[in-house]
Amino acid sequence: MADQTSATDTANKFIQEADQPSSKLVRFGADEPLELDAGPALAPWQIAYETYGTLNQDKTNAVLVCHALTGDQYVASTNPLTGKPGWWSRMVGPGRPVDTDRYFVICTNVLGGCLGTTGPATTNTETKEPYGLKMPVVTIRDMVRAQARLVDRFGIDTLFAVVGGSMGGMQVLQWAASYPERVFAAIPIASGARHSSQNIAFHEVGRQAIMADPNWSGGDYIAKGIRPTKGLSVARMAAHITYMSDESLQQKFGRNLQDRDGLTFGFDADFQIESYLRHQGMTFVDRFDANSYLYVTRAMDYFDLAAEFGTLPKAFKDSKTRFCIMSFTSDWLFPTSESRAVVKALNASAANVSFVEIDSDRGHDAFLLDVPEMFSTIRGFITGAANARGIPAPGSGT
Ligand SMILES: CC(=O)SCCNC(=O)CCNC(=O)[C@H](O)C(C)(C)COP(=O)(O)OP(=O)(O)OC[C@H]1O[C@@H](n2cnc3c(N)ncnc32)[C@H](O)[C@@H]1OP(=O)(O)O
Ligand SMILES: N[C@@H](CCO)C(=O)O
């Protein structure tokens, strides 16, 4: 587990990141509140984002990439906090399926996050303290509202495409439902139109682990210079299991022992899988804020498009958006049945939809990995949509 010195350093980093991110940033003043589902509007507020490629003159080639639970705006560039390459640099970049030679890509840090967009670690301008739990609970719809305000600032009427996996896919579906006339193509991957009971259950375990850490201090840990790293780490360990599959765990680790020849008859990490999960927990606390984890998991739990619109087909009524829905065979967090439910609703709404279930043994996080069929499917779909939209191909001279 991370020691206290590094925990305090990281806490300070989140405050600094929230106030002065190295990312691009738009600040909305006290006179530009953000409406929230929870009730009170948020003001002032800010959104951190990165862009890649060039916006064309007609502003028709913008692709919004939406990140998953613990992702960030650094989709195709080095994350300054971790020093690691962009989390989807296989997908987004020059010549990649989301080709930045052809499209202008925007990726924001979500509302409630901890990499520059307003979240619980952001300083409340009234109290001069981090919001902590005084930050209103946010929803996927709020995240999308915030992104729409940024898209407005670019002067973009219609996004060429919105794409994302997992919680990113929820944002894609919310965009298509809330702003149908503003989304030409939508690609929700490994996602669904609601968070299942089982998924809410896993999130609750993670939140309880955080809140059971004495350092959490009712959410006021940053002001005290401490962090609930143990709780956050356990939350990530439990969640990480759900991102993989039984088969991939067996293949990677089986019952192999970690740097030892036999069992120790103690509670050290005898097994490789234990050591691996501890590593995932330890590294996570260096890049994520515990209160943000509470808020962003809650946003996923509350997501239910059918409840918002009455029925799921109504969410996509008269939609002109072209959809490409994608799932993975070994994903037990967002099984294919969740994607099929969206496809059925889109068909019932006479929407334009294609659906692909990709054979993969890598579990839910397959969308972050090197899965050639995912790349070729997205390349094919997005290229067809771009041609229909009249976005010139690179080197076409038009
Ligand atoms: C979606 C977004 O918007 S971005 C946010 C998503 N990003 C994440 O979730 C990052 C954390 N998640 C992961 O790393 C996920 O496992 C994946 C699926 C994304 C990556 O999977 P893979 O590339 O197959 O990596 P893998 O799961 O094997 O993990 C490799 C790490 O485990 C470590 N590891 C592997 N075996 C062991 C072991 N026995 N003991 C300790 N550590 C181990 C490696 O050293 C490596 O560490 P590093 O990441 O600090 O360099
Ligand atoms: N592992 C990814 C996807 C989870 O849905 C994340 O942490 O964001």
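**Annotated sites and ligand**

Modeller: Arg-236 lies in helix α6, residues 229–243 (helices are DSSP runs of H or I, at least four residues, and strands of E, at least two, numbered from the N terminus). This is a predicted model, in which local features need pLDDT of at least 70, side-chain atom pairs count only at pLDDT 80 or more, and totals for chains, interfaces and linings use all residues. Residues are numbered from 1 along each chain as its sequence is written, while chains are lettered from A and ligands numbered from 1 in the order in which they are written.
Colleague: Is Arg-236 buried or exposed?
Modeller: Arg-236 is buried, because 23 other C-beta atoms lie within 10 Å (buried means 20 or more, exposed 12 or fewer, partly exposed in between, with C-beta atoms placed from the backbone).
Colleague: Which residues does UniProt annotate as "binding site"?
Modeller: The unreviewed UniProt entry gives Arg-236 and Asp-365. They span 130 residues in sequence, but no two of their C-alpha atoms are more than 13.8 Å apart, so they gather at one spot.
Colleague: Where is Asp-365 found?
Modeller: Asp-365 is in the loop between β12 (352–358) and α13 (372–389). Asp-365 also counts as buried, with 20 C-beta neighbours inside 10 Å.
Colleague: Changing topic, how many residues surround ligand 1?
Modeller: There are 14, and the closest are His-67, Ala-68, Gly-71, Ser-275 and His-279 (a residue is near if its C-beta atom, placed from the backbone, lies within 6 Å).

Methods
UniProt positions renumbered as here; feature names shortened; annotations may be inferred.
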